[in-house]
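Please examine the sequence and the three-dimensional model shown below. The paragraphs after it are meant to be read alongside both.

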Amino acid sequence: MTHPSERLQALSALYARRAPIYDLELLPVAPLRREAIAALALEPGQTVLDVGCGTGLSLPDLAQGVGPQGRIVAIEPCDAMMARARRRVAELQHAPRMHWIETPAESASLDTWLPPASADAALFFFTHDVLQQPQALAQAMRALKPGARVVAAGLVWASPWWPMSNLFVLGAAMHSIVCAERLDCPWHDLTPRLSAWEVERRWLESAYVLTGRR
Ligand SMILES: C[S@@+](CC[C@H](N)C(=O)[O-])C[C@H]1O[C@@H](n2cnc3c(N)ncnc32)[C@H](O)[C@@H]1O
């Protein structure tokens with residue numbers, strides 16, 4: 001599927017359908033989420049982007065990292081997912097300043113919300129569809145300071161001697177991804193925009209955590 005409007009329609013339909021049960025489905029991913037957020041090494045007062053924030057499962061830990069003086073920019077095109085994210089943050093005590101951007105990351109004009117090269121970190125957690133949009137990556141990178149931390153995590157094809165892992169990736173991708181290209185190297189378009197990065201595999205190679213610097 002290449003036409004942007006078809007892709008966005010498919011995304012909206014997929015995530016509007018998943019929104020009510022999304023948090024339950026993602027429970028097994030919680031340890032990987034904690035690891036990814038810890039790798040951002042957030043400090044009080046910092047600004048972090050949560051690109052494709054979904055129902056906001058990462059937001060409480062991101063909020064704790066940046067503290068009440070910090071700032072979170074949450075980008076999410078599906079209103080059913082975003083509504084849940086907003087409710088989650090409304091329940092937090094001492095939430096940081098929030099910027100809610102309810103559009104696809106590729107059309108989000110972040111300059112309206114924060115000066116270019118001013119954000120300290122960006123999280124792409126299980127956002128394969130975002131990583132396949134170079135324009136979305138360009139927008140996020142433009143908002144980041146040189147040296148800002150970037151963490152991405154998600155599904156990836158395992159090597160052929162892990163067939164059960166690949167069956168899992170296939171099933172999970174069919175359930176959650178619109179652009180299934182590049183599942184062998186989800187970070188293909190991200191890493192050329194980073195000055196340093198490394199990828200570690202998890203879950204019998206079926207998941208990855210990339211940590212890098214803008
Ligand atoms: C598997 S969910 C992950 C949500 C969240 N990051 C989490 O950790 O639970 C993928 C999310 O990315 C969002 N998404 C997909 N394409 C996007 C795009 N182009 N820009 C921003 N968000 C996008 C989807 O709407 C969905 O909420």
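This is a predicted model: local features need pLDDT of at least 70, side-chain atom pairs count only at pLDDT 80 or more; totals for chains, interfaces and linings use all residues.

Residues are numbered from 1 along each chain as its sequence is written, and side-chain values use heavy atoms, with hydrogens and water left out.

The protein contains 8 helices and 7 strands. Helices (H or I, at least four residues) and strands (E, at least two) are DSSP runs, numbered from the N terminus. Along the principal axes, the C-alpha atoms occupy a box of roughly 45 × 35 × 35 Å. The radius of gyration of the protein is 16 Å, which agrees with the value near 17 Å that a compact globule of 214 residues would have. That radius is taken over C-alpha atoms, and the globule rule is 2.2 Å times the number of residues to the power 0.38. Of the 214 residues, 51% are buried. Buried here means under 20% relative accessible area, exposed means over 50%, and partly exposed lies in between (1.4 Å probe, protein chains only).

One part of the chain carries an annotation. In an unreviewed entry, UniProt lists residues 48-147 as "domain: Methyltransferase". UniProt positions are given in the numbering used here, feature names are shortened, and annotations may be inferred rather than shown by experiment.

The strands can be followed next. Two strands pair if DSSP finds at least two bridges between them. Strand 2 (residues 71-75) pairs with strand 3 in the parallel sense over 5 bridges, and within this pairing Ile 72 stands opposite Met 98 of strand 3. Strand 3 is mostly covered, as 4 of its 5 residues are buried.

Strand 7 (residues 207-213) is also mostly covered, with 5 of its 7 residues buried. Strand 5 (residues 144-155) pairs with strand 7 in the antiparallel sense over 7 bridges, and here Ala 152 has Leu 210 of strand 7 as its bridge partner. Strand 6 (residues 196-202) likewise runs antiparallel to strand 7, joined to it by 7 bridges, and Arg 201 stands opposite Tyr 208 in strand 7. In a regular strand the side chains alternate between the two faces of the sheet.

Strand 6 and strand 7 form a hairpin with 4 residues between the strands. In this hairpin, Trp 203 takes a positive phi near 50 degrees. Leu 204, in the loop between strand 6 and strand 7, also has a positive phi near 50 degrees, in a residue other than glycine. Leu 204 counts as exposed because its relative accessible area is 54%.

Where is another positive phi found? His 94 has a phi near 55 degrees, a positive value in a residue other than glycine. His 94 is placed in the loop between helix 5 (79-90) and strand 3 (97-101). At 63% relative accessibility, His 94 is therefore exposed.

The largest pocket has a volume of about 790 Å³. Its lining comprises 48 residues, and the closest to its centre are Tyr 15, Tyr 22, Phe 126, Thr 127 and Ser 176. The elements that give two or more residues to this lining are helix 1 (4-18), helix 2 (22-25), strand 1 (47-51), helix 6 (128-131), strand 5 and helix 8 (163-176). Helix 1 supplies the largest share, 6 residues. By class, the lining has 27 nonpolar, 13 polar and 8 charged residues. Ala, Val, Leu, Ile, Met, Phe, Trp, Tyr, Cys and Pro count as nonpolar, Asp, Glu, Lys and Arg as charged, and the others, Gly among them, as polar. On a 1 Å grid over the protein atoms alone, a pocket is an open set of points where a 1.4 Å probe fits, with protein on both sides within 12 Å along at least five of seven lines, and lining residues have an atom within 4 Å of a point. Grid points are joined across faces, edges and corners, and the volume is the space filled by probe spheres set on the points.

Arg 86 is in helix 5 and is partly exposed, at 37% relative accessibility. Gln 64 is in helix 4 (residues 59-66) and is exposed, with a relative accessible area of 68%.
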